[in-house]
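I opened this model to look up its fold first and a handful of single residues after that. My notes follow in the order I took them.

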Amino acid sequence: MSFTLPELPYAPNALEPHISANTLGFHHGKHHQAYVTNLNNLIEGTELASQTLEEIIQAVAGDASKAGIFNNAAQVWNHTFYWHSMKPNGGGEPTGAIAAKIKEVFGDFEAFLKEFKTAGATQFGSGWAWLVLEGDTLKITKTPNADTPLAHGQKAILTVDVWEHAYYLDYQNRRPDYLETFFKHLVNWDFANANLSA
């Protein structure tokens, strides 16, 4: 089977003024599409062509000879997860099970927020900041380039993309401002709760 670019879960202008339709047009329509196209070309005619995205990522993770497949497959997965980590009129403090879990692990929401924003701001170069479930505890982590929690036995709960193409048209070099906006206006706690209970 070949993979197709998943549709955004909202209109391209739905996250404005925090993330512009221009940014989403490039990020989703160009970058995400390129990873899908590259992945299809790389797996065509191989045994991987019949596998799911998750199976491909886990099958090739750590295999240097298949780094191109891993990078493109992981970026398809990471981006799809990222779109759902945001929603129009999102942001603010979490509620439900994720709020209780954050309090249990980090003490309070402010401590969690500080650690998550620091992870995103200090990821050198391109990459991702994640909230993951490792065993039965929450953990904040960051991954470089295309790396993903799937390759490390962790369950992703929430992510923010800190590649420059995610924010540069709107925020230029102000990554901390983008991270602040993500949590204030965009983060989708419903998605985090669904991932936690799944």
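**Notebook: chain and residues**

I began with contacts, meaning heavy atoms within 4.5 Å. Among contacts in the chain with a separation of 6 or more, 68% are between residues 24 or more positions apart.

I noted the ground rules next. This is a predicted model, in which local features need pLDDT of at least 70 and side-chain atom pairs count only at pLDDT 80 or more, while totals for chains, interfaces and linings use all residues. Residues are numbered from 1 along each chain as its sequence is written, and side-chain values use heavy atoms, with hydrogens and water left out.

**Entry 1: fold**

I looked up the secondary structure, where helices (H or I, at least four residues) and strands (E, at least two) are DSSP runs numbered from the N terminus. I found 8 helices and 3 strands in the chain. Their order along the sequence is α-α-α-α-α-β-β-β-α-α-α. The radius of gyration is 16 Å, close to the 16 Å that the globule rule gives for 198 residues, so the chain is as compact as a globular protein of that length. That radius is taken over C-alpha atoms, and the rule is 2.2 Å times the number of residues to the power 0.38. Along the principal axes, the C-alpha atoms fill a box of roughly 50 × 40 × 30 Å.

**Entry 2: surface and charge**

Of the 198 residues, 48% count as buried. The chain exposes about 9200 Å², and carbon and sulfur atoms supply 52% of that area. The areas come from the Shrake-Rupley method with a 1.4 Å probe; for residues, only the protein chains shown count as cover.

I then checked the charges, with Lys and Arg as positive, Asp and Glu as negative, and His and the chain ends not counted. There are 13 positive and 21 negative side chains, and the centres of the two sets lie 6 Å apart. Each charge is placed at NZ of Lys, CZ of Arg, CG of Asp or CD of Glu.

**Entry 3: annotated domains**

I took two features from UniProt; positions are in the numbering used here, feature names are shortened, and annotations may be inferred rather than shown by experiment. The unreviewed entry places "domain: Manganese/iron superoxide dismutase N-terminal" at residues 2-87. I read 57% helix and 0% strand over residues 2-87, with the end C-alpha atoms 28 Å apart. The annotation "domain: Manganese/iron superoxide dismutase C-terminal", also from an unreviewed entry, covers residues 94-194. Over residues 94-194 I read 47% helix and 23% strand, with the end C-alpha atoms 12 Å apart.

**Entry 4: backbone exceptions**

Most residues other than glycine have a negative phi, and most peptide bonds are trans.

- The peptide bond joining Glu-16 and Pro-17 is cis, with omega about 5°; Pro-17 sits in the segment before α1 (21-43).
- Asn-89 is not a glycine, yet its phi is positive at about 60°. It belongs to the loop between α3 (67-84) and α4 (96-106) and counts as exposed at 76% relative accessibility.
- Gln-172 has a positive phi near 50°. Its place is the loop between α6 (168-171) and α7 (175-186), and it is partly exposed at 35%.

**Entry 5: single residues**

Is Trp-189 buried or exposed? Trp-189 is buried, with a relative accessible area of 5%, and belongs to helix α8 (residues 189-197). Leaving aside neighbours within four places in sequence, its contacts include Gly-91, Pro-94, Ile-102, Phe-112 and Leu-158.

Thr-148 lies in the loop between β2 (137-144) and β3 (155-161) and counts as buried at 0% relative accessibility. Beyond four places in sequence, Thr-148 touches Ile-57, Phe-70, Ala-74, Trp-77, Asn-78, Trp-130 and Thr-143.

Phe-124, in the loop between α5 (109-122) and β1 (127-134), counts as exposed at 77%. Its C-alpha atom is 9.8 Å from that of Lys-142, 18 residues away along the chain.

Lys-155 lies in strand β3 and is partly exposed at 31%. Not counting residues up to four places away, Lys-155 touches Leu-131, Val-132, Leu-133, Asn-195 and Ala-198.

Note on methods
Buried < 20%, exposed > 50% of the residue type's maximum accessible area, 1.4 Å probe, protein only.
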